[in-house]
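This report covers a ligand site and a helix pair. The structure comes before the details.

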Amino acid sequence: MKSEICNLKLVIKSFGCQMNKLDTALVASSLARAGFDLIDGLKEADVVLINTCSVRDHAEQRVISHLGHLKHIKESRPDLIVGVIGCMAQRLGDKLLEHEAVNIVCGPAQIPQIANLIKEAIEKNKKELAITEQIRKPAPQPDSDALEEFESAYGIDDKAIPGQAFVRVMRGCDKFCTYCIVPYVRGPEVSRPPEAIIDQIKRLADAGIKQVTLLGQAVNCYEYKAAEKTYSLADILANAADIEGIEWIKFVTNYPTEKYFDQILQLMPDSPKVCPYLHMPAQSGSDKILRAMNRRYTAQWYLDLLDKARSIVPDIAIAGDFIVGFPGETDDDFQATVELIKKARYKNCFVFKYSPRPGTTADKRLQDTVPPDVKQARNIELLAVQEKISEELSREFLGKTVKVLVEGPSKKPHLNAAESNNNPQLVARTATDHIVVFNAPESLAGRFATVRITKTTPLTLFAKLTESQE
Ligand code: SAH
Ligand code: SF4
Ligand code: F3S
């Protein structure tokens, strides 16, 4: 195939979560191996792939508007091939293929076929559709083998943050939170074989990766049954921590459950490599809303779980997600969420306005009753409550010396450069996933450094470099 598609210029854009970004990296690295030339600008492109998200309507609207832009470009360049991949491709299938700009629609489980789909679309000059027909059925063995092979073949992505890589430990989701589209676009929960995960991390370490982030929609529910033993995320973390070269391991996102919780958390004080950071969304602080969301816990039970985490790992940083304006959410329900946020003392929180997703239980059974302005006001209020807490927690870092892994230049690299020998402002993260900025040579990207915190804001710690490492 290489000869026919050799040197085609490809642009690939990601509009979704970390899972989606990892798929983008897998597709990019496989197409680079197949002979495509990966570029940044649309102007030169022969093929444009858009990796999409369906989690909220807003995410889909951004894609639709981008497709409108591409349709416009295609008026003068009709040969441009546009492929939509990812969750929205799976959700909308042939409806998306009807869009004038679109040549290829390819679901998350079909990405191993992408090079072939592009080739067919060009050679046969016809639209190509590849999605899973019955998304909640377990994938046939050859398909899941193809996906596993595709995933394992992944090398290092040039565009990734230097020194860091994501590794998926499980696909899909079986939790069925009533608002959520993910189980219907990513299919049933499947845990990858431990050897495949560990081999992959070893290869990444050999290639210079220092931090891996293990990914799963409910990553702590990872469970792989082999003949002699059932493996949990704790086993994966412990084995990954034994790999030379890997220094930090993070894992997201956690579902609040007691199963394996102690074993996973206990690794944090026991192993300096397992980072003391837990992203574990509560979604709401009202028991009535949690029940309607099918979240399977109460607010008090969730807070007790956080207490337990803090008793095992006193310096743990915890992050959360919340949905405001879920159907039936009254002022009292919302106040219960405010109370939970105050008690939980998160490092930071993401707050989302409820967006009805077609086909989900909440959309089928419940009316989207909370008006947009109320959702907006609750969103702002919750963020304000959280900001105060983030500010207090950040301030505790003042004057402290911390180890960070440097990502690269910050979004405003010129800041403070003049006073710092023209060294740009760099952005880095602590083991607790706090964002730190400081001025230092760009060559520190992908390396660990030791910094002293000199100023704090709710979401950013400002620092001075004290020491850098290889
Ligand atoms: N699997 C992860 C994240 C899933 S999507 C988890 O369970 O934590 C990321 C976040 O989007 C969720 O935590 C939730 O807060 C939010 N979300 C999901 N569906 C949504 C919807 N229909 N409307 C608004 N926010 C939603
Ligand atoms: Fe969606 Fe719930 Fe699964 Fe997270 S755990 S992906 S919110 S269904
Ligand atoms: Fe991620 Fe969005 Fe799909 S959150 S799993 S890209 S629906």
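Helices (H or I, at least four residues) and strands (E, at least two) are DSSP runs, numbered from the N terminus. This is a predicted model, in which local features need pLDDT of at least 70 and side-chain atom pairs pLDDT 80 or more, while totals for chains, interfaces and linings use all residues. Residues are numbered from 1 along each chain as its sequence is written, and side-chain values use heavy atoms, without hydrogens and water.

**Ligand site**

Strand 15 (317-324) and strand 16 (348-353) each give at least two residues to the shell around ligand 1. Domain 2 (161-273) and domain 3 (276-394) each contribute at least three; these bounds come from an automatic or database domain assignment. Ligand 1 has 15 residues around it, and Arg-56, Gln-217, Gln-283, Asp-321 and Ser-355 come nearest. "Around" requires a heavy atom within 4 Å.

The table lists polar contacts, pairs of N or O atoms within 3.5 Å.

| Residue atom | Ligand 1 atom | Distance |
|---|---|---|
| Arg-56, polar side-chain atom | oxygen | 3.0 Å |
| Gln-217, polar side-chain atom | nitrogen | 2.8 Å |
| Ser-355, backbone N or O atom | nitrogen | 2.8 Å |

Alone, ligand 1 exposes 540 Å², and the protein buries 90% of that. Areas follow the Shrake-Rupley method with a 1.4 Å probe.

**Helix pair**

Helix 2 (residues 18-33) packs against helix 6 (residues 114-123) at about 60°, with axes 9 Å apart. Axes are lines fitted to C-alpha atoms over the stretch in contact, and angles run from 0 to 180 degrees between N-to-C directions. Val-27, Ser-30 and Leu-31 of helix 2 meet Ile-114, Ala-115 and Ile-118 of helix 6. Contact means heavy atoms within 4.5 Å.

Definitions and conventions. Chains lettered and ligands numbered in written order. Polar contact = N/O pair within 3.5 Å; in protein donor to acceptor, adjacent residues only side chain to side chain.
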